[in-house]
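New page in the notebook. I want to know how the chains sit against each other, and then how one chain is put together.

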There are 2 protein chains.
Amino acid sequence: MRTITIKPKALTHNLYQVKKLAPSAKVLAMVKSNAYGHGVAAVLPALQQADGIGVATLAEALEARQLGWHKTIGLIEGAFTADEWQTAIAQDISCVIHHEPQLMWALDNIPPASSATRVVWLKYNTGMNRLGFDAKGVIDAAAQLHAAGYQLILTTHFANADDSSHPLNALQIQRFNDMLQILKETVSQEVKGSLCNSAGIVNFAEHHHDWVRPGIILYGSSPVVDQSAATLDLQPAMEFCAQIIALQTVSANDAIGYGSLWSAPHDTKTALVSIGYGDGYPRVISTDAYVTVINAADQQRYRCAVLGRVAMDMIVIDASAMPADTALNSKVILWGEAPHVDEVASHAGTISYELLCRLSTRPARIAAH
Amino acid sequence: MRTITIKPKALTHNLYQVKKLAPSAKVLAMVKSNAYGHGVAAVLPALQQADGIGVATLAEALEARQLGWHKTIGLIEGAFTADEWQTAIAQDISCVIHHEPQLMWALDNIPPASSATRVVWLKYNTGMNRLGFDAKGVIDAAAQLHAAGYQLILTTHFANADDSSHPLNALQIQRFNDMLQILKETVSQEVKGSLCNSAGIVNFAEHHHDWVRPGIILYGSSPVVDQSAATLDLQPAMEFCAQIIALQTVSANDAIGYGSLWSAPHDTKTALVSIGYGDGYPRVISTDAYVTVINAADQQRYRCAVLGRVAMDMIVIDASAMPADTALNSKVILWGEAPHVDEVASHAGTISYELLCRLSTRPARIAAH
């Protein structure tokens, strides 16, 4: 068995942490990319206290509506076509407007006054240099949208909010705050603001504005480079597990796995674990990588290093520290409490977001209680 | 739209290439890990000329049976429990036996003479040092299984077959061939042999024995380090695409995306593409990485470099070489004909196998004709 267990209580706890950090802001809980790999259906019930959810594609928005999410849905890259804009109206989806074509679709097809699509998230490029209008563009767009009856939320995206010392942060914050002030004065006092993703929520408490947009923090990973998930009192919402499928002894000097990357310094007891990159465990990982085995024979936990190359369907771990009665089919935790997915990500030279999103369909998905 | 298009004709062509390389061997087509991310349901119709298929888990075997695959299914890590062994018998699945517990289950529960489970793949550890019996163990197991009425296929797995010059190859081949000879002489002349995966099929033509087990080669990637997929006349079975969702100009010295990794040397036209690691495109990729854009306005193909950090839902590409009339929603090829997935993998510091397996559920899956 390969299993991915989702923990609703952890999600709810992490959402509560966000609300403690940003008590006066509304919360748009990011559930794009299948809720960061956790599964939208599995997380929505635990996120009922969020004011809205954020998704990246219209298909994700429609899935959430179908699952019964009746509150705000923010489509954070907006409609890709005029047809998508029409569908957004039909499904009461609030869209980002980040460039001229989307502005035209919105002005050409104004939703009914009662529609949630009347709320648009107007994207200002403050330094990420991906999506968004420049200063002049955003002022023009805001004026036109307001005149057409839209309610506006000015939004932007940080490039380096994970690193509070990065000089671009102050510049992005200043540009955003200045523009929000301009729009309030020249367009409407009712223009709202949304600046902070997870890292911004943690690092820039004085700039939370009307809506915060937590993503990774909801799933229990740290969004910042200088504080761990534990320090932030976050709980991992996923446990990714497999099992021991064989026990072996590798003779001294014999190498293990593809590329013969790891050679046994002496006769070494190893265990084979039914997990691999075909499940989403990263193929390239440092020699510091480890898993936790819960030995079915004694219910004790053992920390075991990953040895050699991760294969598609299998890894080999060092079972030296395990007792003679180590049981076949013992549970192996790839990530969860320990190792935390942030730790595995650092061993894989990436961030937890990627590991979570790139899980395959092979592991069975289980909801914890 | 994010799309994954599977090309049955390419799969069938690649299977034909395998048959040309190994004309006298039967073919166990590896479809584990959801057919290397291609989708089992999508590939089985194109692999009808294979003699059998190989899977890594019982769940994968049952899925293939449910999809109507009536020929051999080889479960390459065998049953994980005695119950799984019973299910294998009920579903006519041929199992690997690689360690003592599996041997016991097989001797305790002998399938009917007509059952395909009477054929067992007996795994010999010749140097991979993961699964398999040692020399004495394999001889003992073979004798017991033969006496119990099983038909045997001796099998092993290469650790370095992708690199024909690696010294372990000759040792593994010799150990395997010697053992097959011993089993034929001491157990039964009817013992069969299966040594070669994709790389072995290409590199060790004189050692194909009775069954070859092609995997990655069927999907159109090269299994060896010194020959490209084109040299081997393989066709990529997958095209992974997205679209341009915005066009921007980034000012000189401005940086793009998370971590501000890429700064524009001069004013630079960029395009935003609706793909990211949330779809399975690798997050960490070299500055050599590129995509192919088919401009909807002129139907011409343009090679565009990936700029800055790959995000969850989006990448930025260099659109300098594209004409003024570059159309929104133009198709962007992440991998397919060009770049080939092998090339993308090398830019990501891994192998195509991993990129293919770690695709997420977000891209829409399409069958080509």
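**Entry 1: charges across the chain interface.** A reminder to myself before I start: this is a predicted model. I began with salt bridges, and between chain B and chain A I got four of them. I looked one up by residue: Lys32(B) pairs with Asp313(A) through their side chains, with 2.5 Å from N to O.

**Entry 2: polar contacts and who supplies the surface.** Next I looked for polar contacts over the interface of chain B and chain A, and 28 residue pairs came up, both partners at pLDDT 80 or more. Which elements of chain B give two or more residues to the side touching chain A? I noted two helices, α2 (32-36) and α11 (352-357), along with the strands β10 (238-250) and β11 (255-256). β10(B) has the largest share, with five residues. Sorted by class, that side of chain B has 31 nonpolar residues, 25 polar ones and 11 charged ones.

**Entry 3: extent of the interface.** How many residues are in contact on each side? I got 67 from chain B and 67 from chain A. Putting the two chains together buries about 5,200 Å², and carbon and sulfur atoms give 52% of that.

**Entry 4: symmetry.** I superposed chain B on chain A: it takes a rotation of 180° with 0.0 Å of shift along the axis, and the RMSD is 0.0 Å. So the two copies are related as by a two-fold rotation axis. The same surface is used by both copies, since 100% of chain B's contact residues recur in chain A.

**Entry 5: inside chain A.** Chain A splits into domain 1, residues 9-219, and domain 2, residues 238-367. I took their centres over C-alpha atoms and found 38 Å between them. For contacts, I have six residues of domain 1 of chain A against seven of domain 2. The area buried between these domains of chain A is about 610 Å², with 64% from carbon and sulfur atoms.

**Entry 6: what joins the domains.** How many salt bridges cross the interface of domain 1 and domain 2 in chain A? I found zero. Polar contact there comes to one residue pair, both at pLDDT 80 or more. The side of domain 1 of chain A that touches domain 2 has four polar residues, two nonpolar and no charged ones.

Terms used. Residues numbered from 1 in each chain as written. Chains lettered and ligands numbered in written order. Predicted model: local features only at pLDDT ≥ 70, side-chain atom pairs only at ≥ 80, totals over all residues. Heavy atoms only, no water. Contact = heavy atoms within 4.5 Å. Buried area = accessible area lost by both parts, 1.4 Å probe. Salt bridge = Lys/Arg side-chain N within 4 Å of Asp/Glu carboxyl O. Polar contact = N/O pair within 3.5 Å; in protein donor to acceptor, adjacent residues only side chain to side chain. Helix = DSSP H or I, 4+ residues; strand = E, 2+ residues; numbered from the N terminus. Nonpolar A, V, L, I, M, F, W, Y, C, P; charged D, E, K, R; others polar. Least-squares fit on C-alpha atoms with pLDDT ≥ 70 in both. Domains from an automatic or database assignment.
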